[in-house]
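Let's take a friendly walk through this model with a few questions and answers.

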Amino acid sequence: MKNYPQQPHGGTLVNRVLEGDAREEALQRAKDLPTIVVDLEAIITLEMIATGVLSPNDGFMDEANYKSVLKEGRLTDGTIWPVPLSFAPIGQMNEEVIRSLAVGDDVVLTDYYKKPIAILHVSDIFEYDKEMRAHYLFNTTDRHHPGVDSIYRRMGDIAVGGQISLLNRADWGPFEKMRLEPKDTWKLFYEEHKWKTVGGFITGANPLHRGHEYIHKNALEELDGVLIQPLVELAKREYTRHEFRMLAYRAVLDTYYPKERAQLAPLRVTYIFAGPRETILHALIMKNYGCTHALIGRDHAGVGDFYDKYESHSIFDEYTPEELGIDVRLFHEVFYCARCSNLATTQTCPHDIRYRINISGTGVRELLRHGMMPPKEIIRPESARIAMQGVQPKGLDEHGESISPVSKTINSIFPYYRTSRRIGYHPRKNPITRELTIEDLELAVLDARTHAALIYRDIFREFSYVTDHNRDIQPSWITDSYLEMHAQQDMVLDDLQEKLHLAEEETSDEFMYQDRSEVEKELEAAKTVKRYTPYPVTRDAMEHTTWNPLPYKRYRGDDE
């Protein structure tokens, strides 16, 4: 790897996977070792450590490294590491085993079915403060924060540190055929593809939408390839099922991405819910997979309202690019602007929310739940139709309510709806303040389908009508209708001129007849209508735009 454009975090790609004779000997020895039963999250973490995903860590942290990472975001040797890798299993039997251990002992870690997963070589045993862990790691001790809640639900009171040796990999089920470990991607990127730059992108529980695509394709303008890694672990049951998300990714990549430049691979990591700190962790995971660049979107690894939506960007200011060892590319929130007629961010688009369809992963998922194809401007239909099959439950419950309030869904995707009847239109006289309903959601979706693609088309149509010198490519009925409107308005003006000439200064019946002053106002109003009637652009009129009288052949160099 020394000649590769990237290096693993800490300089060495950890490999703690036992194979061959070493594995067989360890399996035999494990039969006589004390046993700790671990849950799926711990099994995933063990595999991540052993295969180098979490390099330079080769096991669970001792107390010194645990506290250093928790308080400083670094290992004791100064290497950046944002979240502590600690092992403190719950359960009375596990606790009894831990209390029987001493530094230098080995203990086998098994799954629920007693299958040996790894051997832990004990280097430290220590007690820790759960509240302190929550405070430093999540910047809150609120149990409503899922990461804080997980500390109290999943972690015991005594932690065990030490190097691990992996005996058996976890079964990845339907994703086994797509599994890529760091050793595989380094070979793929730098030996097979001969790439010099690779952008890493880790994404959560939502199907591939066009905000993701915007980031990927911006990166591909300058990088050789991208590694796209959807997380496939421990998502909430109401999210899109993992298999369908992966299939949705594959459908879009096959249709809209350049072949051989976008690599898709599932990523099994434990959800830490650490907000900004988890963003740093993901960047280092990308680095350990061989990526030279980390592509970070808005509110990466965010948790509700616990963190500012751009805190996942600002946290990178705490580290230098040299010590991170990966080029971090930060992207602002992506939305579709109907006036720009493309995807944009606040960095590139000057238009207000009147023209916007926002890309909200949660909002898209709720549209799919209600059986509605989201606007094509924010998610490809290839992605949406597959993802919809993987969303459960569908629709509303027996009380007519959904998992996420309908108002929240509409506000997140259609920010103009409460203040404007249609995208790009004038504001409502009375903005909607009531709770929005499923009927409102239907209206917003239908409006986006009808008008989102028309705004820029109509603008172009108006520009082209007054610009095309070649009138053969303009429909003649538009010019004819404008000519008719002008002729009709001229007829109205002629009649009013005559009426003015005959009008009396005063009239005895103000309803039947008009006096001169009122006819004058009527005439001025008709002249105003004439001024604002679109002007017909004829072939003869466009001839006057040719201001140079030289014959065309003179421009071809023919002076004869």
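Q: Is Lys130 buried or exposed?
A: In this predicted model, Lys130 is found in helix α5. Its relative accessible area is 16%, and a residue under 20% counts as buried. Lys130 is therefore buried.

Q: Which residues does Lys130 touch, leaving out those up to four places away in sequence?
A: Lys130 is also part of the contact that α5 makes with α6. Not counting residues up to four places away in sequence, Lys130 touches Ile151, Tyr152, Met155, Gly156 and Asp157.

Q: How are α5 and α6 oriented to each other, roughly parallel or roughly antiparallel?
A: The axes of helix α5 (residues 130-138) and helix α6 (residues 146-154) come within 10 Å and cross at roughly 155°. Angles over 145 degrees count as roughly antiparallel. The two helices, α5 and α6, are therefore roughly antiparallel.

Q: Which residues of α6 make the contact with α5?
A: From α5, the contact draws on Lys130, Glu131, Arg133, Ala134 and Phe138. By class, the contact of α5 with α6 has 5 nonpolar, 1 polar and 3 charged residues. On the α6 side, the contact is made by Gly147, Val148, Ile151 and Tyr152.

Q: How many disulfides does the structure hold?
A: Take Cys349, which is buried with a relative accessible area of 7%. The closest cysteine sulfur to that of Cys349 is in Cys337, at 3.6 Å, too far for a bond, because a disulfide needs sulfur atoms within 2.5 Å. The number of disulfides in the structure is 0.

Terms used: Residues are numbered from 1 along each chain as its sequence is written. This is a predicted model: local features need pLDDT of at least 70, side-chain atom pairs count only at pLDDT 80 or more; totals for chains, interfaces and linings use all residues. Side-chain values use heavy atoms; hydrogens and water are left out. Axes are lines fitted to C-alpha atoms, for helices over the stretch in contact, and angles run from 0 to 180 degrees between N-to-C directions. Helices (H or I, at least four residues) and strands (E, at least two) are DSSP runs, numbered from the N terminus. Angles under 35 degrees count as roughly parallel, over 145 as roughly antiparallel, 65 to 115 as roughly perpendicular and the rest as oblique. Contact means heavy atoms within 4.5 Å. Ala, Val, Leu, Ile, Met, Phe, Trp, Tyr, Cys and Pro count as nonpolar, Asp, Glu, Lys and Arg as charged, and the others, Gly among them, as polar. Buried means under 20% relative accessible area, exposed over 50%, partly exposed in between (1.4 Å probe, protein chains only).
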